[in-house]
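Please look over the chain shown below with its helices, aromatic pairs and cavities in mind. The briefing that follows takes these topics in turn.

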Amino acid sequence: PDAIFGAVMQGLIPLMLGGWAGSMIGSLAPGALGRYDLPLPLTDPPEVCVVAANVTEFAEQWDIPPDEVRYAIALRETTRAAVRSASWVREHLVTLASAFVGAYEVGTGAIEEQLRNLDLGDPESMASLEAFADPDRLLGAMRSERQEPLRAELRRFVTVLEGYADLVVARIGGAVMATHARTDEALRRHRVDRGSAARFVDRLLGLELRRDDYEAGAAFCRGVVERGDGSLDGLNRLWGSVRMVPTAAELDAPGLWLARIDLPD
């Protein structure tokens, strides 16, 4: 009986998680401003897609002229799409995220204990099952040590992608629109506080980034540009191949990255 029960739970938990994931991802649409609101690992060729109704609602919530928000989002989405025009970028995101998800481990011990002690006639006993209706708790219980290096690598890669977009957007937007800084700050806050559904998807795929992560990516990109001639030419070498992705040490010290790729420091 124990072996049968364990086998059933081994199959049931991934199904539960898959159902929650589908529901959570589906619920992201009402708040999405564009295709790359989340740095999801997409394999298809990049294209710019903006959700007009959500953009208008966002502008109203932040009391920003709609045209300014439309411009800022179109600029940010175009930059993100351009970065993903390098096929290896899309492939690397998919590879890392797939490896991270594949490293989840289904530990059924705690759930088995709860179900074995379940008394269908006792309301308090039934209430104890509420813990297993929480996808975040179940997701945390499935984390494994094998995921940690994968999560660190994925997090660093996405940090660089978003840091590059932040730098380009600040350069172009600031030169074109005097109020760009205000609009961009609102979009940055939206990026790190998108609600429980987005946080769950981030955790599921190993894409959890905090504001300081985004700032670290932007600082790296600024550091590379400042050590060059002020143009983006040196920084754009990032998109040559996966070999150009900075290491953890290089992310904190852009000069190390420049030295490694043989650019003048």
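Phe 157 counts as buried at 2% relative accessibility, where buried means under 20% relative accessible area, exposed over 50% and partly exposed in between, with a 1.4 Å probe and protein chains only. This is a predicted model, in which local features need pLDDT of at least 70 and side-chain atom pairs count only at pLDDT 80 or more, while totals for chains, interfaces and linings use all residues. Residues are numbered from 1 along each chain as its sequence is written, and side-chain values use heavy atoms, with hydrogens and water left out.

**Aromatic pairs**

- The structure holds 5 aromatic pairs, a pair being rings of Phe, Tyr and Trp (its six-membered ring) whose centres lie within 6.5 Å, with planes under 30 degrees apart counted as stacked, over 60 as edge-to-face and the rest as tilted.
- One of them is the tilted pair of Phe 58 and Trp 62, at 6.0 Å centre to centre and 40 degrees between the planes.
- Phe 58 and Trp 62 are 4 residues apart in helix H2 (residues 52-62), which means that about one helical turn separates them; helices (H or I, at least four residues) and strands (E, at least two) are DSSP runs numbered from the N terminus.
- Phe 58 is buried, with a relative accessible area of 4%, whereas Trp 62 is partly exposed at 35%.
- Trp 88 and Phe 157 form another tilted pair, 5.8 Å centre to centre and with 35 degrees between the planes.
- Because Trp 88 lies in helix H4 (residues 87-102) and Phe 157 in helix H8, this pair ties together parts that are 69 residues apart in sequence, and Trp 88 is buried, with a relative accessible area of 14%.

- The 16 residues of helix H11 (residues 211-226) should span 22 Å at 1.5 Å a residue, and the end C-alpha atoms are 22 Å apart, which agrees; the expected span is 1.5 Å times one less than the number of residues.
- The buried residues of H11 include Asp 213, Tyr 214, Gly 217, Ala 218 and Phe 220, and what covers the buried residues of H11 includes helix H8 (147-176), helix H9 (180-192), helix H12 (248-252) and helix H13 (254-260).
- Asp 166, in helix H8, counts as buried at 1% relative accessibility and touches Arg 76, Arg 188, Arg 191, Tyr 214 and Ala 218, not counting residues up to four places away in sequence, contact meaning heavy atoms within 4.5 Å.
- The charged end of Arg 191 sits over the ring of Tyr 214, 3.8 Å from its centre, a placement that requires NZ of Lys or CZ of Arg within 6 Å of the ring centre and within 35 degrees of the ring normal.

**Cavities**

- There are 3 cavities of 30 Å³ or more, a cavity being a set of points on a 1 Å grid over the protein atoms alone where a 1.4 Å probe fits but cannot get out.
- The largest cavity has a volume of about 90 Å³, the volume being the space filled by probe spheres set on the points, which are joined across faces, edges and corners.
- Residues lining the largest cavity include Asp 37, Arg 76, Glu 77, Arg 188 and Arg 191, lining residues having an atom within 4 Å of a point.
- Helix H3 (66-83) and H9 are the elements that give two or more residues to this lining.

Notes. On a 1 Å grid over the protein atoms alone, a cavity is a set of points where a 1.4 Å probe fits but cannot get out, and a pocket is an open set with protein on both sides within 12 Å along at least five of seven lines; lining residues have an atom within 4 Å of a point.
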